[in-house]
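I open this notebook page to record what I looked up on cavities and core packing.

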Amino acid sequence: MKSTFASMAALLYLFCALILPEFAVGITRHYTFNIKHHNYTRLCTKRSVLTVNGQWPGPRLVAREGDRVVVKVVNHVPNNVSIHWHGVRQLGTPWADGPSYVTQCPIQTNQSYIYNFTTSGQRGTLLYHAHISWLRAYIHGPIIILPRKNESYPFQKPHKEVPILFGEWYNVDPEAIVSQALQTGGGPNVSDAFTINGLPGPLYNCSSKDTYKLKVKPGKTYLLRLINAALNEELFFSIANHTLTVVEADAVYVKPFETDELLITPGQTTNVLLKTKPDFPNASFLMAARPYFTGRGTIDNSTTAGILEYEPSSNHKSHTKQLPLFKPSLPPINATNTVANFTRKLRSLANSKFPANVPQRVDRKFFFTVGLGTKPCPQNTTCQGPNGTMFSASINNESFNLPSVALLQSYFLGQSNGVYTTDFPTNPLVPFNYTGTPPNNTMVSNGTKAVVLPFNTSVELVLQDTSILGMESHPLHLHGFNFFIVGQGFGNYDPSKDPANFNLKDPVERNTIGVLSGGWVAIRFLADSPGVWFMHCHLEIHTTWGLKMAWIVLDGPQPNQKVPPPPSDLPPC
């Protein structure tokens with residue numbers, strides 16, 4: 001009798017695993033990422049760039065929701081390196097997050113480290129990239145998390161799925177550019193081209209052959225997985241004579257809406273459906289991206305383009321050479337209202353299957369100003385920053401210095417002394433008219449300060465742009481968490497009036513959000529993942545200048561709510 005019962009129980013479990021996806025156990029997927037040099041020629045300039053497995057953009061990392069992903073990263077280059085899995089929650093795996101000197105020390109030459117994490121509760125498009133200095137310029141690639149087996153998308157099944165990565169090409173080594181900027185205190189030299197899947201496109205010199213072509217069939221639906229892997233530019237994107245339907249942002253489904261143009265900041269991903277024309281259109285169409293920028297510095301104000309090419313039927317074959325090429329109209333470079341209107345359209349599905357678990361009550365409130373500033377020029381040196389100073393950047397006027405050991409190690413071992421302090425200011429120490437006339441003193445403080453949160457604290461954070469050295473958008477990325485964007489607006493945040501308009505029903509859930517130029521954004525998240533979690537501007541130069549900080553989330557009461565011991569192969573400092 002017992003054996004009959006046991007076999008029935010086993011059959012029932014098997015039935016549940018097949019029928020009910022929450023019972024299904026994911027599989028383990030193994031990858032090896034070799035970091036090595038590879039020669040690429042763009043704009044008639046040949047350069048050796050750092051890549052994953054000799055590929056730029058890097059290879060696709062594909063998994064299903066609930067899988068375990070094991071990536072062995074082997075460093076074959078002189079540079080120290082680490083990889084961040086941007087947008088992966090890392091619940092229970094804080095040692096695998098990847099930012100150098102935050103959750104690990106970098107992988108040294110001829111050494112390796114195994115990143116081991118799961119994709120539980122996540123599906124959609126994310127990205128991986130190097131997380132030390134400016135190495136992510138070429139070390140980046142797509143993360144594609146498919147729904148569980150037998151689960152479908154909450155939108156029409158596409159005929160084909162295509163990753164589209166936006167990046168930048170530099171005729172010189174980006175490491176030399178950031179090194180020079182830090183030495184002189186001035187703004188960095190800009191990139192020489194933007195790229196679509198590594199190709200600049202026909203609007204640049206010497207690049208007509210280096211053009212990405214997306215070949216499509218009439219009357220089909222394509223899922224484009226858009227990823228902005230550029231170092232320093234937010235980008236507008238549009239396809240001539242075609243409307244896109246936005247269905248997902250930062251690997252979270254959204255209420256579908258149609259748009260002719262969209263904005264994507266560095267670190268953000270957006271999935272869109274492209275419905276092709278019902279018949280062969282006797283034309284080709286440019287798909288183009290160019291920057292959005294309102295700051296004072298210099299910028300690469302150029303346009304990358306690929307070609308949307310319809311596959312002709314047999315009776316159109318002879319005409320393909322002379323087809324007209326239509327160009328999209330993109331918003332002006334400083335079109336902040338277009339950006340605000342686009343971001344307002346993004347809403348969570350907020351249904352029973354894909355709920356929006358917005359914290360309705362708040363335990364801790366924070367108000368962070370984000371923006372640029374200055375620091376003094378060293379003695380007997382000439383600096384190229386504002387009025388002979390050096391550029392800096394800060395949160396609440398605190399410019400963050402990365403330590404020489406990893407914060408997570410110091411925290412776990414109880415050795416924070418001399419590494420970091422826990423007195424990061426929760427509000428600006430000196431309030432001012434943030435989007436009005438800037439104060440005369442633009443000098444910032446420097447330190448390595450963190451905010452400590454008890455386990456399961458619900459957090460409301462208002463991020464406020466400032467006018468110091470020019471108002472501009474700052475795409476803020478929070479490691480380890482998704483957050484809900486409950487409000488945004490222009491001017492100074494008003495704590496007495498603005499919360500009344502917060503959307504606590506179906507706000508979009510993201511991991512990276514652009515703080516409006518001359519405005520503010522309010523986010524909420526639940527600190528349910530113990531560890532040390534980096535938060536920083538995803539414009540790389542702003543991160544370099546110090547627009548970053550760390551949250552320390554304390555252990556919870558249960559065994560699975562504690563930071564586990566570090567892996568045995570954690571790179572030494």
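How much space lies in the second largest cavity? I find about 70 Å³ there, a volume being the space filled by probe spheres set on grid points joined across faces, edges and corners. I take a cavity as a set of points, on a 1 Å grid over the protein atoms alone, where a 1.4 Å probe fits but cannot get out, with lining residues having an atom within 4 Å of a point.

I note that this is a predicted model, in which local features need pLDDT of at least 70 and side-chain atom pairs count only at pLDDT 80 or more, while totals for chains, interfaces and linings use all residues. Residues are numbered from 1 along each chain as its sequence is written, and side-chain values use heavy atoms, with hydrogens and water left out.

The lining of the second largest cavity includes Asn232, Glu233, Glu234, Tyr292 and Leu539.

I then turned to the largest cavity, which holds about 110 Å³ of space. Its lining has 17 residues, of which Leu263, Thr265, Val339, Thr343 and Gly514 are the closest to its centre.

For the packing, I looked up the largest nonpolar core, which has 139 residues, and found that Trp85, Leu224, Phe368, Met535 and Trp551 touch the most other members. Such a core is a set of buried Ala, Val, Leu, Ile, Met, Phe, Trp, Tyr and Cys residues joined through side-chain atoms within 4.5 Å, where buried means under 20% relative accessible area (1.4 Å probe, protein chains only). I also recorded a second, separate core of eleven residues, with Val358, Phe484, Tyr493 and Phe502 among them.

Notes. Buried < 20%, exposed > 50% of the residue type's maximum accessible area, 1.4 Å probe, protein only. 1 Å grid on protein atoms, 1.4 Å probe; cavity = no way out; pocket = protein on both sides within 12 Å on 5 of 7 lines; lining within 4 Å.
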